[in-house]
Amino acid sequence: MTAEARPLEVRKQDTLNRLEKDVDAWVSTASLDGTPYLMPLSFLWSDGTLLLSTSRTNPTARNLLANPVVQLTLGEVRDVIHVAGTVSVVEVSEAEGAAFAAKAGFDPRPLPNYPFFRVTPTRIQAWREVNELKDRVLMDNGTWVV
C-alpha cells in the first residue's frame with residue numbers, strides 16, 4: 001500500500017535533511033559529443049550548493065570542465081532526490097574544505113590534481129511513490145517553489 005503523499009513543505013524539509021546528511025550522490029555528466037558518464041561522488045551541501053571534488057584526469061572532471069551541466073541523484077528508487085545544475089571550478093575556504101573532508105572521509109586539498117566543483121542547483125525534484133510525481137518539482141530555475 002502506498003503511503004500518503006507528503007505535503008510540499010515536508011518534502012522540501014526532507015530533501016534539505018538528506019542534502020545535509022547523505023554523503024554520496026550519483027553524478028551524471030556528458031562530454032561535448034554527448035557521451036554520458038555516471039559516477040558516484042561524495043558531496044557537501046554548502047550554502048545552497050553542492051561541493052564535489054574528483055581528479056582532473058577522471059571522465060567526470062573532464063566532462064564538467066568542458067560542459068558545466070550536471071545532474072545528481074540521491075537516495076533509493078522509492079525515495080529519490082534529483083538535482084540538475086550548473087558547475088563552476090572554485091577555491092574553497094579553509095572551513096568549507098575541512099567540512100568537505102570530514103563528511104567525505106578524504107581531503108582533496110593537498111592533492112595537486114583535485115579541483116573543487118560547485119554545483120548550483122537549477123531544478124530539484126523529490127518523490128517517493130507515484131502519488132508524489134505530480135508535485136515533484138521543489139525548485140525550478142534556481143528558486144524554491146515551496
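User: Where in the chain is the place of Asn 141?
Analyst: First, a heads-up: this is a predicted model, where local features need pLDDT of at least 70, side-chain atom pairs count only at pLDDT 80 or more, and totals for chains, interfaces and linings use all residues. Residues are numbered from 1 along each chain as its sequence is written, and side-chain values use heavy atoms, leaving out hydrogens and water. Strands are DSSP runs of E with at least two residues, and helices are runs of H or I with at least four, numbered from the N terminus. On that basis, Asn 141 sits in the loop between strand 8 (137-140) and strand 9 (143-144).

User: Is Asn 141 buried or exposed?
Analyst: Buried means under 20% relative accessible area, exposed over 50%, and partly exposed in between, using a 1.4 Å probe and protein chains only. Asn 141 has 70% relative accessibility, so it counts as exposed.

User: What is phi of Asn 141 near?
Analyst: Most residues other than glycine have a negative phi. Asn 141 isn't a glycine, yet its phi is positive, near 50°.

User: Which loop holds Asp 47?
Analyst: Asp 47 also has a positive phi, about 55°, although it is not a glycine. At 79% relative accessibility, it counts as exposed. Its spot is the loop between strand 3 (44-46) and strand 4 (49-53).

User: Why does Ser 42 count as buried?
Analyst: Ser 42 lies in strand 2 (residues 36-42). It counts as buried because its relative accessible area is 14%.

User: Which residue's side chain does Ser 42 join through a polar contact of 2.8 Å?
Analyst: A contact means heavy atoms within 4.5 Å. Leaving aside neighbours within four places in sequence, Ser 42 is in contact with residues including Val 23, Leu 51 and Phe 100. The side-chain partner here is Asp 24.

User: How far apart in space are Ser 93 and Ala 61?
Analyst: Ser 93 is in the loop between strand 6 (79-90) and helix 3 (94-104), and it is partly exposed, with a relative accessible area of 41%. Ser 93 and Ala 61 are 32 residues apart in sequence, and C-alpha to C-alpha they are 21 Å apart.

User: How many helices and strands does the protein have?
Analyst: Along the sequence, the pattern reads α-β-β-β-β-α-β-β-α-β-β-β. That gives three helices and nine strands.

Terms used
A polar contact is a pair of N or O atoms within 3.5 Å; within protein, one must be able to donate a hydrogen and the other to accept it, and residues adjacent in sequence count only if both atoms are side-chain atoms.
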